[in-house]
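Have the viewer open as you read.

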Amino acid sequence: MLLENKVAIVTGGTRGIGFAIVKEYLKQGASVVLCGSRPESAEKAVAQLKEENPAWNVEGISPDLTNYEDVKSAFDQVAKKYGHIDILANNAGVSAAQPFTSYTAEMFQKTMDLNVNAVFNCSKAVVEYMENQQSGVIINTSSMVSKYGQPSGVAYPTSKFAVNGLTLSLARELGPKGIRVNAVAPGITNTDMMKAVPESHIAPLIAQIPLRRIGEPEDIANAFVYLASDMASYVTGVVLSVDGLARS
């Protein structure tokens, strides 16, 4: 197993891509602490996973990711229990599709708080443990729109541009300490958000993808497994596109 004896924290781990990441990490032998926005959602996700495989070592927490002290306290408890933190998957995020003229400063800040500030808070909270170990992996969820933008919902691509910058900068700074930092940029993925989109809107998008399908959460989770594993021991500072598109 690729992640045997590793301890991983996954934010936004209760559904969609995050839940798939948690499950794949467990399949690969990791002990996983998933973060949910509410205790009830974290508990429900843990119960689902335990029902699938009672042997999996998984638990849930629900710190306020936009509050550094709350995150630090929760992650300190993880480190105290397990003795080490090896992997952090910063997956929690929020998006909105309002046109720019409808955006308020509060809406913009809410997106930046969870999509950027939370990544900073969580990364900062684990780095001291990873530095002491001289090893560790941080993987951030970016997006294909971080490279191309999108026609509405300006805060989301803006926040993901910031995630890319944070990823590249931390990779340079933390590399000498044995810590790898990468990001995964999913394309259109079959999550709850996509299920609300009419088929008539999805079909033209699929037609533009050479593989002729949208991604599944497991497609994205597999990239998180690879980047977390020793198979990627010489990979850092990469924003890995997982979107089915062909590029020159």
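Predicted model: local features only at pLDDT ≥ 70, side-chain atom pairs only at ≥ 80, totals over all residues.

1. Let's start with H9, residues 217–228.

2. Now the H1 and H9 pair. Their axes come within 8 Å and cross at roughly 50 degrees. That angle makes H1 oblique to H9, and the crossing is right-handed. On the H1 side you'll find Gly 16, Ile 17, Ala 20, Ile 21, Glu 24 and Tyr 25; they meet Pro 217, Glu 218, Ile 220, Ala 221, Asn 222, Phe 224, Val 225 and Ala 228 of H9. By class, this contact has ten nonpolar, two polar and two charged residues.

3. Next, H4 (residues 105–133) and H6 (residues 155–174). How are these two helices set against each other? They pack at about 15 degrees, with their axes 9 Å apart, and are therefore roughly parallel to each other. H4 passes H6 in a right-handed crossing. H4 brings Phe 108, Thr 111, Met 112, Asn 115, Val 116, Val 119, Phe 120, Ser 123, Val 127 and Glu 131 to the contact, while H6 brings Ala 155, Tyr 156, Thr 158, Ser 159, Lys 160, Ala 162, Val 163, Leu 166, Leu 170 and Leu 174. Those residues divide into 13 nonpolar, five polar and two charged.

4. H6 on its own also checks out for length: 20 residues at 1.5 Å each should span 28 Å, and the end C-alpha atoms are 28 Å apart, which agrees. The buried residues are Ala 155, Tyr 156, Pro 157, Ser 159, Lys 160, Val 163, Asn 164, Leu 166, Thr 167, Leu 170, Ala 171 and Leu 174. Besides H4, the buried residues of H6 pack against E5, helix H5 (145–148), E6 and E7.

5. H4 has another partner in H3 (residues 68–82): the two axes come within 9 Å and cross at roughly 35 degrees. This crossing is right-handed. Tyr 68, Val 71, Lys 72, Phe 75, Asp 76 and Ala 79 of H3 meet Asn 121, Cys 122, Lys 124, Ala 125, Val 126, Glu 128 and Tyr 129 of H4. The contact comes to eight nonpolar, one polar and four charged residues.

6. On to the backbone. Most residues other than glycine have a negative phi, and most peptide bonds are trans. Asn 5 has a phi near 70 degrees, a positive value in a non-glycine residue. Asn 5 lies in the segment before strand E1 (7–11) and counts as exposed at 63% relative accessibility. Arg 212 also has a positive phi, about 60 degrees, without being a glycine. Look for Arg 212 in the loop between helix H8 (199–207) and H9; with a relative accessible area of 52%, Arg 212 is exposed.

7. Met 231 sits in the loop between H9 and E7 and is exposed, with a relative accessible area of 57%. What does Met 231 contact, leaving aside its neighbours within four places in sequence? The partners are Leu 2 and Tyr 226. Glu 43, in helix H2 (residues 39–52), counts as exposed at 55% relative accessibility.

Technical notes: Residues numbered from 1 in each chain as written. Heavy atoms only, no water. Axes fitted to C-alpha atoms, helices over the stretch in contact; angles between N-to-C directions. Helix = DSSP H or I, 4+ residues; strand = E, 2+ residues; numbered from the N terminus. Parallel < 35°, antiparallel > 145°, perpendicular 65-115°, else oblique. Left-handed = near helix turned anticlockwise from the far one by under 90°. Contact = heavy atoms within 4.5 Å. Nonpolar A, V, L, I, M, F, W, Y, C, P; charged D, E, K, R; others polar. Buried < 20%, exposed > 50% of the residue type's maximum accessible area, 1.4 Å probe, protein only. Expected span 1.5 Å × (residues − 1).
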